[in-house]
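Please study the sequence and the structure before working through each solution.

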Amino acid sequence: MLAELEPVLIVFVGVFGALLGSFLNVCVYRLPRNESVIHPRSRCPGCGAPIAWYDNVPVLSWLALRARCRYCRAPISVQYPLVEAAVALIWAGSVAWQGLTPDALCDAVFVTLLLGIALTDGQYYVIPDIFSLGGTVVGLAVALAPGGLLWWLGFAGAALGYGLLWIVRWAGDLALHRGWIGGEELGSVLEEGETPTSMGEGDLRMMAMVGAFLGPVGVVLTVFLGALAGSLVFVPLRLAGRKIAVPFGVFLAIGAVAALAVGADLVGWYVDRMYQL
Ligand SMILES: [Zn+2]
């Protein structure tokens with residue numbers, strides 16, 4: 001149900017989201033390179049010129065500069081304005097839907113973190129701890145706050161998220177080791193280096209974060225929906241003979257957003273039942 005809010009308020013939250021999206025771009029570029037996200041200020045990767053504030057206005061500067069650096073004309077990826085617009089929509093949408101409530105803030109933070117994870121995992125096969133473990137701490141703090149998820153649901157969710165993926169990884173590694181599933185193919189990918197094919201520690205930590213926010217039911221939904229989304233993309237690629245390492249985090253992020261969308265009703269129903277007992 002849409003909350004009745006002044007449109008100007010929603011726009012204001014959207015602008016905040018766009019600025020946060022701009023910072024998320026910095027995080028996505030620098031965290032996988034182990035660089036500080038605070039210092040130094042943003043520079044053009046082409047010519048090294050510092051980027052002035054008026055060339056750093058979310059979405060608008062990219063349009064005004066026609067996707068090129070002001071000094072060296074090096075192209076600026078469309079990913080920057082897209083991420084800024086996406087985070088603006090996440091925040092404005094969350095508030096438009098749920099009003100200026102703790103739930104809206106919580107969902108917006110959660111989905112922003114998932115976007116950051118999907119972008120770093122999709123491009124670099126890395127899930128930075130700041131997103132996963134930092135997000136876990138935030139999710140547990142929210143669960144402990146008055147009016148939040150029943151606190152133990154957050155902790156049980158984090159433990160289940162980590163534990164469930166640990167078991168999935170263990171079973172997967174065992175199957176690879178014993179040669180039950182395409183060990184030869186994956187082995188040849190591994191020799192080329194760079195891209196890990198097995199599920200990484202980052203995926204486990206990410207699911208602890210998802211569990212802290214969504215609880216145990218959300219974890220199960222996320223893994224199920226994420227596996228479904230991943231299969232829809234990777235089974236056809238495999239059948240077409242393409243060897244690509246699977247960025248599990250991307251699909252777990254998709255599953256988590258879907259779980260957030262459909263899972264709230266389910267968890268709400270569950271919690272209502274608990275109170276009726
Ligand atoms: Zn430049």
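Cys69 is buried, with a relative accessible area of 7%; buried means under 20% relative accessible area, exposed over 50%, and partly exposed in between (1.4 Å probe, protein chains only). The model is predicted, so local features need pLDDT of at least 70 and side-chain atom pairs count only at pLDDT 80 or more, while totals for chains, interfaces and linings use all residues. Residues are numbered from 1 along each chain as its sequence is written, and side-chain values use heavy atoms, with hydrogens and water left out.

**Exercise 1. The metal site**

Determine which residues coordinate the zinc ion, and classify the geometry of the site.

Step 1. Donors are N, O and S atoms within 2.8 Å of the metal (3.2 Å for Na, K and Ca); water is not among the atoms, so sites may look incomplete. For the zinc ion, the search returns the SG atoms of Cys44, Cys47, Cys69 and Cys72, at 2.3 to 2.4 Å.

Step 2. Four donors count as tetrahedral if all angles lie between 85 and 135 degrees; four count as square planar and six as octahedral if opposite donors are over 155 degrees apart and all others between 65 and 115, and anything else is irregular. The angles among the 4 donor atoms of the zinc ion are 106 to 113°, and the site is tetrahedral. For comparison, the ideal angle for four tetrahedral donors is 109.5 degrees.

Step 3. The donor residues follow the spacing C-x2-C-x21-C-x2-C in sequence. Cys44 in the loop between H1 and H2 and Cys69 in the loop between H2 and H3 are 25 residues apart, and this pair links distant parts of the chain. Helices (H or I, at least four residues) and strands (E, at least two) are DSSP runs, numbered from the N terminus. Cys44 is buried, with a relative accessible area of 8%.

**Exercise 2. Salt bridges**

Step 1. A salt bridge is a side-chain nitrogen of Lys or Arg within 4 Å of a carboxyl oxygen of Asp or Glu.

Step 2. In the salt bridge of Arg70 with Asp55, the closest N and O atoms are 2.7 Å apart. Arg70 is partly exposed at 42%, whereas Asp55 is buried at 12%.

Step 3. Arg205 forms a salt bridge with Asp129, with 3.0 Å between the closest N and O atoms. Arg205 is partly exposed at 25% relative accessibility, and Asp129 is partly exposed at 36%.

Step 4. Glu201 also forms a salt bridge with Arg205, the closest N and O atoms being 3.4 Å apart. Both residues lie in helix H8, 4 residues apart, which is about one turn of the helix. Through shared partners, salt bridges join Asp129, Arg169, Glu201 and Arg205 into one network.

**Exercise 3. Aromatic rings**

Count the aromatic pairs of the structure, and decide whether the rings of Phe16 and Trp91 are stacked or edge-to-face.

Step 1. Rings of Phe, Tyr and Trp (its six-membered ring) pair if their centres lie within 6.5 Å; planes under 30 degrees apart count as stacked, over 60 as edge-to-face and the rest as tilted. The structure holds 5 aromatic pairs.

Step 2. The ring centres of Phe16 and Trp91 are 5.3 Å apart and the planes stand at 70°, so the pair is edge-to-face. Phe16 lies in helix H1 and Trp91 in helix H3, so parts 75 residues apart in sequence are tied together. Phe16 is partly exposed at 42% relative accessibility, whereas Trp91 is buried at 8%.

Step 3. For Phe234 and Phe251, the centres are 5.6 Å apart and the planes are at 85°, so this pair is edge-to-face. Phe234 is in helix H8 and Phe251 in helix H9 (residues 248-276), 17 residues apart. Phe234 is buried at 13%, and Phe251 is buried at 9%.
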